[in-house]
Amino acid sequence: MADVETKEAVYVTDQLIADDIDAYLVQHEHKTMLRFITCGSVDDGKSTLIGRLLYDSKMIFEDQLDALTADSKKVGTQGQDIDFALLVDGLAAEREQGITIDVAYRFFNTEKRKFIVADCPGHEQYTRNMVTGASTADLAVILIDARKGVLVQTRRHSYLCHLIGIKNIVLAVNKMDLVDYDEVVFDAIVKDYTEFASSIGIESFTALPISGFKGDNITTKSENTPWYKGPTLIEHLETVEVLSSVDADKPFRMPVQWVNRPNLDFRGFSGLIATGGVKPGDKIRVLPSGKTSTITRVVTFDGDLDEAVAGQSVTVCFEDEIDCSRGSVISVADNPPQTADQFESTVVWLADEALIPGRAYWLKLGTQTVSATVQEPKYTVNVNTMEHMAAKTLELNAIGVAELTTDKQIVFEPYADNRTLGGFVLIDKMTNATVAAGMLNFSLRRSQNVHWQAIDIDRKQHASLKNQKPAVLWFTGLSGSGKSTIANLVEKKLHRMNRHTFLLDGDNVRHGLNKDLGFTEADRIENIRRVGEVAKLMTDAGLIVITAFISPFQADREMVRAMLPDGEFIEVFIDTPLKVAEARDVKGLYKKARAGELKNFTGIDSPYEAPRNPEVRVDTTVISPEEAANLIVDTLLGDI
């Protein structure tokens with residue numbers, strides 16, 4: 001009998017525990033999520049504050065606390081007391097130097113809300129890391145050391161937070177314990193920051209006197225600041241409005257991530273809803289095609305929904321079979337976003353190598369990926385004085401305003417209205433490194449006033465009349481490699497075969513079309529871009545175009561390749577060693593370059609990036625120009 005009672009008691013206990021777990025999970029599932037960052041100058045106490053939040057919210061296990069206590073004694077900065085910063089500063093270099101280098105993300109929750117916090121580095125050289133952390137944040141906690149007041153990095157980070165569109169700013173005046181909790185000190189800092197914030201457009205912020213180390217006004221009101229009547233930090237974080245709730249009131253926008261086609265009977269379009277909401281029966285428009293339809297289902301892994309809102313990932317089904325793929329944007333039918341290919345943008349440069357105006361980069365905006373070029377900046381912003389400075393390029397951590405052009409129209413909204421459709425990153429085509437983050441401010445008027453004119457006689461008909469397939473033979477190689485000689489021989493051979501050709505030579509083009517360009521890296525890129533556009537027009541006329549340009553940069557040759565249909569760009573690498581080309585020195589250019597009389601000369605003080613996989617490689621140390629011309633013609637006619 002006792003065994004039965006014991007089993008029943010155990011069963012009841014297990015059932016209560018299970019019920020408690022289920023209740024906890026339901027409660028946890030329906031909590032809102034706030035993403036916020038901590039930023040400011042070096043040693044303002046950002047990592048310590050986050051460590052204190054984790055500690056006070058009971059998000060540290062006993063073994064973690066024991067390890068933290070031991071680490072605090074060994075590498076901490078608080079004597080025998082717990083150094084909460086060590087909970088966040090995970091890199092060895094961070095612990096050794098007592099600084100934050102990379103963005104550290106931590107999760108914690110309270111009874112009212114879940115939080116993801118990003119601890120951003122304070123050093124200027126790591127500003128790009130700070131931008132990464134701020135890009136998805138709803139709120140920014142900007143810390144100020146009460147002993148130091150508003151510093152340069154305080155201004156920089158505040159400006160970046162405002163630029164990125166963070167509306168909720170908390171000014172946390174930290175280390176109040178080191179100034180004896182002096183209200184006068186606090187008020188003076190708030191006054192200084194108010195003047196600065198107003199000058200950059202920050203309309204409001206919440207100021208708190210805190211001590212991350214002592215815990216004052218973090219989770220409970222501090223007796224040390226009886227003069228402060230506002231909320232604690234955690235109270236403010238629990239009640240502030242999150243970005244998703246604001247986005248839910250905007251028109252429906254959903255970038256398509258992928259077409260969901262598990263079987264022949266189902267076709268849906270999956271993505272994360274950026275703004276607004278959607279439900280079956282809604283009229284929608286797919287951009288950039290402009291086709292319209294009606295939503296029939298809103299599908300999730302757990303079943304169909306009556307309605308979905310911003311922040312939810314769903315699959316939607318259409319009533320009609322219309323063109324929609326990754327990169328398309330589904331919107332409400334009567335209030336769609338814009339499409340354009342030319343913009344004014346604000347760019348934060350994140351790479352060690354400076355921006356090269358005119359160079360093609362990959363631009364990723366939402367789920368759209370296109371090729372884009374950035375023009376010479378209109379100006380850069382001095383974040384210390386807010387002064388607009390003239391600039392030819394953008395260096396690491398620079399913030400500038402510049403015109404940006406994409407190779408095809410993209411769906412967008414100004415960043416101030418929609419982060420998802422207004423925020424972008426630029427990616428180097430050669431290294432795949434992210435080199436910049438940016439915001440689209442507005443489309444340029446000319447992009448809306450200039451429309452593509454339909455022409456009845458197209459490139460196929462032009463080519464058919466000439467009885468040939470258009471192509472571009474793109475000769476590249478060092479000066480003196482023999483490009484012009486071989487290109488000329490190739491054209492003569494094709495002419496004798498009744499092929500319609502045109503030869504674009506580097507020197508000849510610089511006497512006319514490109515006579516305004518020099519030999520800087522930016523000018524070289526523009527030179528190739530213009531030649532590429534001319535070559536494309538000539539292929540539209542059905543011609544076989546032969547070009548002879550050094551074209552030293554791989555990215556620029558790939559830019560031209562991308563302008564043409566597949567198979568029409570034939571890269572011919574005239575592979576002549578520098579010593580051989582310099583020994584020929586037909587024009588005496590190498591001699592001038594060696595004497596310092598000719599700057600930016602390829603192979604001497606400007607690099608040449610050899611083709612990786614050219615369609616034709618000609619080694620002029622092995623074969624004659626005549627043999628090379630025969631090889632190229634055979635390859636061309638074999639391809640077309």
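**View A. In helix H16, Gln554, Ala555, Asp556, Arg557, Met559, Val560 and Met563 are the buried residues.** You're looking at a predicted model, so local features need pLDDT of at least 70 and side-chain atom pairs count only at pLDDT 80 or more, while totals for chains, interfaces and linings use all residues. Residues are numbered from 1 along each chain as its sequence is written, and side-chain values use heavy atoms, with hydrogens and water left out. Buried means under 20% relative accessible area, exposed means over 50%, and partly exposed is in between (1.4 Å probe, protein chains only). H16 spans residues 554-563, and because seven of its ten residues are buried, the helix is largely enclosed by the rest of the structure. Those buried residues pack against strand S18 (360-365), strand S25 (471-476), helix H15 (521-540) and strand S28 (569-575). Helices (H or I, at least four residues) and strands (E, at least two) are DSSP runs, numbered from the N terminus.

**View B. Gln554 and what it touches.** Gln554 belongs to helix H16 and is buried, at 6% relative accessible area. Set aside the neighbours within four places in sequence, and Gln554 is in contact with Met430, Glu609, Ala610, Pro611 and Arg612. Contact here means heavy atoms within 4.5 Å. Take Glu609: it sits 55 residues from Gln554 along the chain, yet their C-alpha atoms are separated by 5.9 Å.

**View C. Phe186 and Trp227 make a tilted ring pair.** Rings of Phe, Tyr and Trp (its six-membered ring) pair if their centres lie within 6.5 Å; planes under 30 degrees apart are stacked, over 60 edge-to-face, and the rest tilted. The structure holds 13 aromatic pairs. In this one the ring centres are 5.5 Å apart and the planes meet at 45°, which is why the pair is called tilted. Phe186 lies in helix H7 (residues 183-200) and Trp227 in the loop between strand S6 (206-209) and helix H8 (233-239), so the pair ties together parts that are 41 residues apart in sequence. Phe186 is buried at 7% relative accessible area, whereas Trp227, at 22%, counts as partly exposed.

View D. Arg359 lies over the face of Phe553, 4.9 Å from the ring centre. Lys429 does likewise with Trp362, at 4.3 Å from the ring centre. The rule is that NZ of Lys or CZ of Arg must be within 6 Å of the ring centre and within 35 degrees of the ring normal.

**View E. A cavity and an aromatic cluster that both include Phe36.** How many cavities of 30 Å³ or more turn up? The count comes to one, and the largest cavity has a volume of about 40 Å³. Its lining consists of Arg35, Phe36, Ile37, Tyr105, Ile116, Val117, Ala118, Gly133, Thr136 and Ala137. Strand S1 (32-40) and strand S3 (113-119) each supply at least two residues of that lining. Phe36 also forms one aromatic cluster with Phe108 and Phe115. A cavity is a set of points, on a 1 Å grid over the protein atoms alone, where a 1.4 Å probe fits but cannot get out; lining residues have an atom within 4 Å of a point. Grid points are joined across faces, edges and corners, and the volume is the space filled by probe spheres set on the points.

View F. A cis peptide bond joins Leu287 and Pro288, with omega about 15°. Pro288 is in the loop between strand S11 (283-287) and strand S12 (291-300). Asp180 isn't a glycine, but has a positive phi of about 60°; look for it in the loop between strand S5 (168-174) and H7, where it counts as exposed at 68% relative accessibility. Asn432, not a glycine either, has a positive phi of about 65°. Asn432 lies in the loop between strand S23 (423-427) and strand S24 (434-443) and is exposed too, at 56%.

View G. Ile144 lies in strand S4 (residues 139-145) and is buried at 0% relative accessibility. Zooming out, 71% of the protein's contacts between residues at least 6 apart in sequence join residues at least 24 apart. Buried residues make up 49% of the 640 residues, and the secondary structure comes to 19 helices and 29 strands.

Key:
1 Å grid on protein atoms, 1.4 Å probe; cavity = no way out; pocket = protein on both sides within 12 Å on 5 of 7 lines; lining within 4 Å.
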